[in-house]
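Hi,

Here is the structure I said I would pass on to you. Have a look at it first, and then read on for what turned up in it.

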Amino acid sequence: MQTATFYIIKTDSPQATETGFADYVVFLSQHFARQGAKVYLNCQDKRHAEAIAELFWQVEADKFIAHNLVGEGPRYATNIEIGHQGVKPSWNRQLVINLAENETTFANKFAQVVDFVPCEEKAKQLARERYKIYRQAGYQLQTIEIEHP
């Protein structure tokens with residue numbers, strides 16, 4: 001069964017800041033990759049994808065996990081692949097972490113979707129719309145409040 005998990009960002013959490021959220025995305029991606037998942041990060045656009053990819057180079061050496069932008073890297077890609085609307089992820093992805101505001105057409109290609117409910121009201125409304133789309137697509141839905149320091 002396909003699942004979609006929405007992580008709720010609390011106003012007073014470190015993830016409520018742009019830097020804190022980006023760090024959390026790297027942490028979450030690495031967490032799933034270490035468990036053996038083939039992760040796809042769906043970004044807003046090419047510039048956003050490149051900025052996220054750069055964050056993976058900023059981690060401490062002992063926490064580094066190989067990653068690549070779509071179309072770069074080894075033939076069958078690394079455990080973490082980063083892309084955006086208009087590019088096609090590698091065939092072997094199981095989990096997508098959605099960082100785009102309105103893009104959900106990718107979802108039916110993945111067994112598991114991770115999405116976020118931001119603090120800002122407009123972004124929260126967009127997350128509600130994505131939630132409805134996942135539900136209509138038959139995903140089993142759950143929400144989790146982020147408790148990562």
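One term before we start: a residue is called buried when its relative accessible area is under 20%, exposed when that area is over 50%, and partly exposed in between. Also keep in mind that this is a predicted model.

Which way do the residues of S4 point? Ile80, Ile82 and His84 point one way, while Glu81 and Gly83 point the other way. In a regular strand, side chains alternate between the two faces of the sheet.

S4 also has strands paired with it. Strand S2 (residues 39-43) runs parallel to S4, and five bridges join the two. If you want to find the spot on screen, look for Asn42, which stands opposite Gly83 in S4. Strand S3 (residues 67-69) is parallel to S4 as well, with three bridges between them. There, His67 has Ile80 of S4 as its bridge partner.

Now for strand S1 (residues 3-8). Six bridges join S1 to S6, and the two run parallel. Phe6 is partnered with Asp115 in S6. S1 is also joined by six bridges to strand S7 (residues 140-145), again in parallel, and in S7 the partner of Thr5 is Gln142.

Next, the charged pairs. Side chains of opposite charge can pair when their charged atoms come close. How many salt bridges does a search of the whole structure find? The count is five, and here are some of them.

- Arg93 and Glu81: their side chains meet in a salt bridge at 3.3 Å, N to O. Arg93 lies in the loop between S4 and strand S5 (95-98) and Glu81 lies in S4, so the pair ties together parts that are twelve residues apart in sequence. Arg93 has a relative accessible area of 6%, so Arg93 is buried. Glu81 is buried too, at 2%.
- Arg130 and Asp115: the closest N and O atoms of this salt bridge are 2.9 Å apart. Since Arg130 is in helix H3 and Asp115 in strand S6, the pair ties together parts 15 residues apart in sequence. Arg130 is buried at 5% relative accessibility, and Asp115 is buried at 1%.
- Arg128 has a relative accessible area of 38%, so Arg128 counts as partly exposed, and so does Glu121, at 48%.

What about disulfides? The structure holds zero of them. The cysteine sulfur nearest to that of Cys43 belongs to Cys119, 20 Å away. Cys43 is buried, at 1% relative accessibility, whereas Cys119 is partly exposed, at 26%.

Last, the empty space. Rolling a probe the size of a water molecule over the atoms shows where such space is left. The largest pocket holds about 740 Å³. It is lined by 26 residues, and those nearest its centre are Glu18, Phe21, His48, Leu99 and Pro118. Helix H1 (18-34), helix H2 (46-57), strand S6 (112-117) and helix H3 (121-136) are the elements that give two or more residues to this lining. Which element gives the most? That is H1, with five residues. Sorted by class, the lining has 14 nonpolar, six polar and six charged residues.

While you are looking at H1, find Phe27, which is in that helix. Is Phe27 buried or partly exposed? At 34% relative accessibility, Phe27 counts as partly exposed. Phe27 is 89 residues away from Phe116 in sequence, and their C-alpha atoms are 14 Å apart in space.

That's the tour. Enjoy clicking around!

Methods. Residues are numbered from 1 along each chain as its sequence is written. This is a predicted model: local features need pLDDT of at least 70, side-chain atom pairs count only at pLDDT 80 or more; totals for chains, interfaces and linings use all residues. Side-chain values use heavy atoms; hydrogens and water are left out. On a 1 Å grid over the protein atoms alone, a cavity is a set of points where a 1.4 Å probe fits but cannot get out, and a pocket is an open set with protein on both sides within 12 Å along at least five of seven lines; lining residues have an atom within 4 Å of a point. Grid points are joined across faces, edges and corners, and a volume is the space filled by probe spheres set on the points. Helices (H or I, at least four residues) and strands (E, at least two) are DSSP runs, numbered from the N terminus. Ala, Val, Leu, Ile, Met, Phe, Trp, Tyr, Cys and Pro count as nonpolar, Asp, Glu, Lys and Arg as charged, and the others, Gly among them, as polar. Buried means under 20% relative accessible area, exposed over 50%, partly exposed in between (1.4 Å probe, protein chains only). Two strands pair if DSSP finds at least two bridges between them. A disulfide is a pair of cysteine sulfur atoms within 2.5 Å. A salt bridge is a side-chain nitrogen of Lys or Arg within 4 Å of a carboxyl oxygen of Asp or Glu.
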